[in-house]
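Let's walk through this model together, from the whole chain down to one side chain.

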Amino acid sequence: MVSKSYTNLLDMSGEDVFDFQQPFRSLPRFVTSPSITSNPDWDTSNADDSVGPASCCVRKIIVSNFLPLNCTKDEATGQWSFSMDDNQLLVQLKDGFPMESEVVYVGSLNAEVDPGLNYESKRGHIGIEYFGRTVSLKILAVGVHVGRLESVLRLPATISKVQEIEQRYKGKMVMLGVDDMDIFKGISLKLLGLEFLLERTPKLRGKVVLVQIINPARSTGKDVEEAINEAVSVAERINIKYGSAEYKPVILIDYPIPSYEKIAYYAASDCCIVNAVRDGMNLIPYEYTVCRQGNEEIDKLRGVDKSSHHTSTLIVSEFVGCSPSLSGAFRVNPWSIEDVADALYKAMDLTQSERKLRHDKHYRYVKTHDVAYWARSFSQDLDRACKDHYSRRCWTTGFGLNFRVIALSPGFRRLSLEHFASSYKKTNRRLIFMDYDGTLVPQSSVNKVPSAEVISILTSLCNDPKNCVFIVSGRDRTTLSEWFASCDKLGIAAEHGYFIRWNKEGEWETSSSAQDCEWKNIAEPIMEVYKETTDGSAIETKESGLVWHYQDADHDFGSCQAKELVSHLERVLANEPVVVKRGHQIVEVKPQGVSKGIAVDTVIRTVINNENAPDFLMCIGNDRSDEDMFESINEAVSRSVFPTAPDVFACSVGQKASKAKYYVDGCSEVIRLLKGVTAITPRREVISQSQVTFRDILEVVS
Ligand SMILES: O=P(O)(O)OC[C@H]1O[C@H](O[C@H]2O[C@H](CO)[C@@H](O)[C@H](O)[C@H]2O)[C@H](O)[C@@H](O)[C@@H]1O
């Protein structure tokens, strides 16, 4: 099955809004306390997390539907510009606050912009990993307050009203509609459905009554007036056509009635119909269901003493929010008069036991998913979504549509050569994992072959018997082994660890997830289509995977196509043992159970099993796939898999939301760091004959 692991924080943003290869040079404004810092290279050892908001001013947060901004787009350049709209009360009300107040506006832009975000479904909710924060979206249907409805239902006035209604419509099927008077509630369509039913089924004339309660309109206007007039005229037409002096098929209650009376109608009606063409949640069906459950008084008055007689029937428009939660309801397309008429007929035709089954099902749901349940769930979800946020430090960057808040973990800091070198010097079993593209060679380089300098640094590192050095790359094994042919002792994890080789002499070990590649026959033709339609893009076929590259295509178009391609591939490969991932200007399909994180884990487990647990662990990378390595290392440390905790340098290339604790600004800094430590490595370490080195042990492994 296709699965996406977005525990990786770098999966959290669309590539176009956060170019991983262009890390922020500096992050200009620190917006949340504990302490105001103008540069993220803070020394966390001195950070006092107990300090409250550093600013002494009072912050007022004004939440409105739309931000009080003038938004204009230059159609020629596509650039947006924004200015405060001083004519808006939201801006003017600032005059009422003390001068030193900080006023923060929260709202949406009153303009159409692309937001176009990467998201991931996570057990019942959608998580959008966004610049270090998780924005959770969940459909959490609100419920009703069952207790309050029950208490109104118990009122003597309600009970006598129920009796009165049941008496009045004895022998007839009572259909109930309760709607606000607005143009979306589909009241006329409902009436037209009834008219059609009576037209084509004469035997039902005289047997059915539709009581339509119309709550006063919440807004006025020509549209609303027309909707009222239309409903009244259709009702009159039906009553004239199919009614008599004693029988009116439609009863319109278009004047305010007390809530106990409405509740009595719910309790006394055989069926409730909500026919809105567009709506929010609409809790009428829930209220109706609770009221149909009734109480002992109502049972007594009906001459039944067992709750086994409680029944209800619902007809609900498919465009109403509560519709998916009511599996026993007849769902209708409110625009289809025939559909509505059919549902009315089916509702009338149900047997008593079917009515009861449907009622019991709905009642159980409504009772257990009440408004208190909703509030509890909401609050739990909110806690879960925010649990890590409080410890993050937030920075602002950019203006207008490029404005971003970036949440970084509190310990995230620049890796200094001094710190790195001092640990390097004093340690004896060093395990070093290095990504290749974007780490040892800049993404922007046309020539991707490692420079002589890189080869020399790697050779020096590998020649130190205290070191075990691995290149962990998405690239194929042939390319990597050719490029690093001169580094005999270098370990290589190619194709994200699908192939691992401990040194040049060693055999390639293939991931246990090695599978047949039948899925390529599905994925490749799809990639071909994207290749054809995206000028400059290309397909790379690796032994374990397929990659669609768009580095040489138009960046914006390539990025849009990449998003499309990811969802297309995920759909068609849903039952295949692969994952679809985005990387730097690539979309890659690779086997499940293969990741740089797993590769790193394998190496760590192997050295520990050989009683050579490292005392120094370095892992450096720039891309999403490298976050898997950082995650593996963090987990290994937190699970205490090391007999003695090593010095850990998980380092991201670029200042960005990352699971690494350290960052460096770019490839040149990586080179500087590594060069720095090779300089302190003795060229020829004097090892006595009896001394067994870290390397010796590793050579035994390979
Ligand atoms: O894990 P890495 O060492 O960072 O390698 C990841 C991918 O590297 C290669 O793609 C990169 O270079 C391409 C040009 O040679 C460029 O078009 C692309 O945008 C880069 O991501 C390699 O081709 C991929 O298979 C690796 O997954």
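Predicted model: local features only at pLDDT ≥ 70, side-chain atom pairs only at ≥ 80, totals over all residues.

Numbering runs from 1 along each chain as its sequence is written, and side-chain values use heavy atoms, with hydrogens and water left out.

You'll find 20 helices and 29 strands in the chain, taken as DSSP runs (helices: H or I, at least four residues; strands: E, at least two) numbered from the N terminus. Of its 702 residues, 48% count as buried, meaning under 20% relative accessible area with a 1.4 Å probe, protein chains only.

Now for the sheet. Nine strands make an open sheet with mixed pairing, ordered S17-S29-S28-S27-S18-S19-S20-S21-S22; pairing takes at least two DSSP bridges between two strands. At the edges sit S17 (413-414) and S22 (509-510), each pairing on one side only. S19 (residues 467-472) and S20 (residues 491-494) run parallel, joined by 3 bridges, and Val 472 stands opposite Ala 493 in S20. Helix H12 (residues 417-426) packs on the sheet, touching strands including S17, S18 and S28, where contact means heavy atoms within 4.5 Å. Helix H13 (residues 452-463) also packs there, against S18 and S19.

Elsewhere, look at His 362 in helix H10 (residues 352-368). Is this histidine buried or exposed? His 362 is buried, because its relative accessible area is 1%. Leaving out residues up to four places away in sequence, its contacts are Thr 289, Leu 314, Leu 326, Ser 327, Gly 328 and Ala 329.

Definitions and conventions: Buried < 20%, exposed > 50% of the residue type's maximum accessible area, 1.4 Å probe, protein only. Axes fitted to C-alpha atoms, helices over the stretch in contact; angles between N-to-C directions.
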